Amino acid sequence: MKVKNIVSNVYKDITSHWKHPAQGNFVSYRELINLALGGMGNQLTMLLVWQMGLSAGNTLLGSTIGIRPIHLQYMLTVQTILNVLFFFVRAHIVDNTRTKWGRFRPYIAFSGIPLAVLSVIFVFLPFQTMSYNEKLICVFVFAVSISMIQPLFTDTYSELQTVITPNSEERAKVISINSIIYSFAPTVTGLFIPILSNLTGGYTNIDTYRYVLAPISFLGIGLNFFTALGCKERVVTSSTYVQKVGIIEGAFMILKNKHWWIRQIASIIGFLEAATGVFFSWIYIYSVQDMTMYGILTTVMGSASGIAMAITPFLLKKLGNKKLLIYHNLLNVVFAFILMFTFKSPLVMFIIMYLNGLVNALSLVYNQVMHSEVKDYQQYICGYRMDFVFGLAGMITMPITLLTGYVIPYVYECFGLTTNYDILYDPYVRNSLFLVLCILAIIGAILNLIPFCFYSMSKEKHQNIIRVLRYRALFDDFQSGDFNADVIKNGVEAVRSGLELNAAPVPELKAIKAKMKSAKRGSEAKEQLKQKYKRARVFAADQAEVGIFMEEFNKFDTYEWQHKVKNAQRLISNDISAFAVYDESIIDEARKMPKSNKTERALRKYYINQAKSIVKSGKKIRENYPDGIQKPDEERLKSAYELPDNTKEENKLKKAEIKSIKREFDLYYKTISPYAAAEKLVFSYENRNKVMEWAEENYDEACEIIRKQEEEEEKKSSKKKALAGRRNK
């Protein structure tokens, strides 16, 4: 009866929220299915591409083509250095992309095509007739070419999941359900590819990659359009928001993000944790040598991820990100220790690796949730929304990453693993190597655990950061005169809920708990008190962090912000061209400011950064605006977009003109940056009451607009269904 009720409730939930999400949520089930279908396409398209990764344990490049592990690491080092340049290009392109599809979806739709084409061409090269150096050149050229494009395809899909909803709890649910559905693709391929590989000579034969994996790569390309066309990006910004931060400037801003640093340090010092990742495939390729059983067990292994993805949202709700991550890493230590004594038995090893895989798969969901929260926190502290720039900022740790990357290849070569992987058929060599890898994995798991003891971003903190971002978006739209129903509705509701939470009395948890303990066991009163205590704990946790929002809401009542406002008023009392007379001395003056307490330190830091920005602005004015600064004519840009592009030459001239004018606007906005920031601060101060009055006055209208939009979407969908029904008849 309980199972029947659960199934019935799930069915009702899906059908009632198929097109429109539940109250407080943002993603409908239809959009979730579109996201998952694109995820399947992503997995299938990348199936062959992933076989070409420059890693020491790569079977295609190492065993099949015959590249030494240390040489693969050398190429990976060069590729990583080149990726610094590629990151500049990709970060600039993606973070400044503005299309009706959003920033990420155009790349999800189209960038998989060149990846599939390149990987298929690679596996059909005549490696059997090449010298070793020729093989090295081909592997390097194709690997670098793919590395230029791959993040535009895979990372944009991952980033879309982080902005599909601003609700952290819903985001965990979306990522979890999405992961379960799209993992169907690798589960099916994981079952049949090893079985089919028996017909082509196994994973050490290049025919497996040519005639089994290559066709599958093209199957996924069409599925990517479900995500590209059927999903939305919901970044919490004003409707008039335009990115005006340079990628270098953005990267330096990210370096001030403490939560980003914790994740970065963990990834650096925990690099050994995955040392046992090769065990499963190598045991069945070089020891058991039964690819049919390998395919079956790979499918069974895939079920571990499905279970983990299903339970992660509940674990996140119960434990939170930090506790779940700590438990995950502790269990990794335990499993790696047990594996030291069990890897000689394939069945026992499989059971341990299955459990370890289940635990590791938890990170597929919570890592995305944590990454999203870190990006939201970045927007909260600096005012800019950045995505791909995070990858560029991560390059600061590149030298350490490159050095640590040589550890595993060095270990392999110490055991004789060079171009001849056949030595893994020798159980003595294989078992000795596996024992060392187990020890390294234990060390890596322990090291990875340490930084996260200092991670402090909770679900409640994140909710209030989103509340602050919604509140700020109201100011931006009020200043620009734009009317966006979503911004107004979400902003007003965020402020109302924050103020209500702050004004509510603090729950008396001790008193409720005492009553609950004294109530008769099994009685209705005890159950009611349990539920009351549970709700009170949740409320108390939310209330404990609402200070983040209240600090933003009441900031102009503090001495610190009043001081900043007066300074901003003084700055904008003169023309922007006055910045041209400033030199480095104003930075020295700011550094001499007192720093005996928290407020003084905050003001000193603020004025140092402002002074640096003013000096840069003055330099740009002197170099580029000797006759006085003037804003570029927007009519010129409109005219440029209206230029004819019927011929190749006309199209080239049009693009050049648009690019030239945009460059003028970019220079102008970078030049006036400190002046514009001062103007915005003064405007926010002078209109802080008017903004909420304006938002409250327009709240009902905004709700009505959203309701009508939903009804219109419903009508369009019904018409499409009716038309499809008539066609089928």
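Reply: A residue is called buried under 20% relative accessible area, exposed over 50%, and partly exposed in between (1.4 Å probe, protein chains only). By that scale Glu493, at 27% relative accessibility, is partly exposed. The model is predicted: local features need pLDDT of at least 70, side-chain atom pairs count only at pLDDT 80 or more, and totals for chains, interfaces and linings use all residues. Residues are numbered from 1 along each chain as its sequence is written, and side-chain values use heavy atoms, with hydrogens and water left out.

Glu493 forms a salt bridge with Lys489, at 3.1 Å from N to O. The term requires a side-chain nitrogen of Lys or Arg within 4 Å of a carboxyl oxygen of Asp or Glu. With this rule, 13 salt bridges are counted. Both Glu493 and Lys489 sit in helix H22 (residues 485-503), where four residues, about one turn of the helix, separate them. Helices here are DSSP runs of H or I with at least four residues, numbered from the N terminus.

A second pair lies in helix H24 (residues 524-545), which holds Lys530 and Glu527 three residues apart, about one turn of the helix. The closest N and O atoms of their salt bridge are 3.9 Å apart. Lys530 is partly exposed, with a relative accessible area of 38%, and Glu527 is partly exposed at 42%.

For Lys564 the relative accessible area is 6%, which means it is buried. Setting aside neighbours within four places in sequence, Lys564 is in contact (heavy atoms within 4.5 Å) with Leu603, Tyr606, Tyr607 and Leu681. Phe110 is 454 residues away from Lys564 in sequence, and the C-alpha atoms of the two are 47 Å apart.

Salt bridges also link Arg472, Glu552 and Lys555 into a network.

Axes are lines fitted to C-alpha atoms, for helices over the stretch in contact, and angles run from 0 to 180 degrees between N-to-C directions. The crossing of H16 with H21 is left-handed, that is, the near helix is turned anticlockwise from the far one by less than a right angle. H16 brings Glu373, Asp376, Tyr377, Gln379 and Tyr380 to the contact, while H21 brings His462, Ile465, Ile466, Val468, Leu469 and Arg472. By class, that contact has six nonpolar, two polar and three charged residues. Nonpolar covers Ala, Val, Leu, Ile, Met, Phe, Trp, Tyr, Cys and Pro, charged covers Asp, Glu, Lys and Arg, and the others, Gly among them, are polar.

Another packed pair is H14 (residues 279-288) with H20 (residues 427-449), their axes coming within 12 Å and crossing at roughly 175°. H14 and H20 are therefore roughly antiparallel. From H14 the contact takes Phe279, Trp282, Ile283, Tyr286 and Ser287, and from H20 it takes Arg430, Leu433, Phe434, Leu437 and Cys438. Eight of the contact residues are nonpolar, one is polar and one is charged.

For H9 (residues 184-200) and H15 (residues 291-339), the axes come within 8 Å and cross at roughly 180°, and the two are therefore roughly antiparallel. Thr187, Gly190, Leu191, Pro194, Ile195, Ser197 and Asn198 of H9 meet Met291, Thr292, Tyr294, Gly295, Ile296, Thr298 and Thr299 of H15. This contact has six nonpolar, eight polar and no charged residues.

One further buried residue is Thr671, with a relative accessible area of 0%, in helix H30 (residues 648-671). Not counting residues up to four places away in sequence, Thr671 touches Ser617, Lys620, Ile621, Tyr625 and Ile629.

Notes. Angles under 35 degrees count as roughly parallel, over 145 as roughly antiparallel, 65 to 115 as roughly perpendicular and the rest as oblique.
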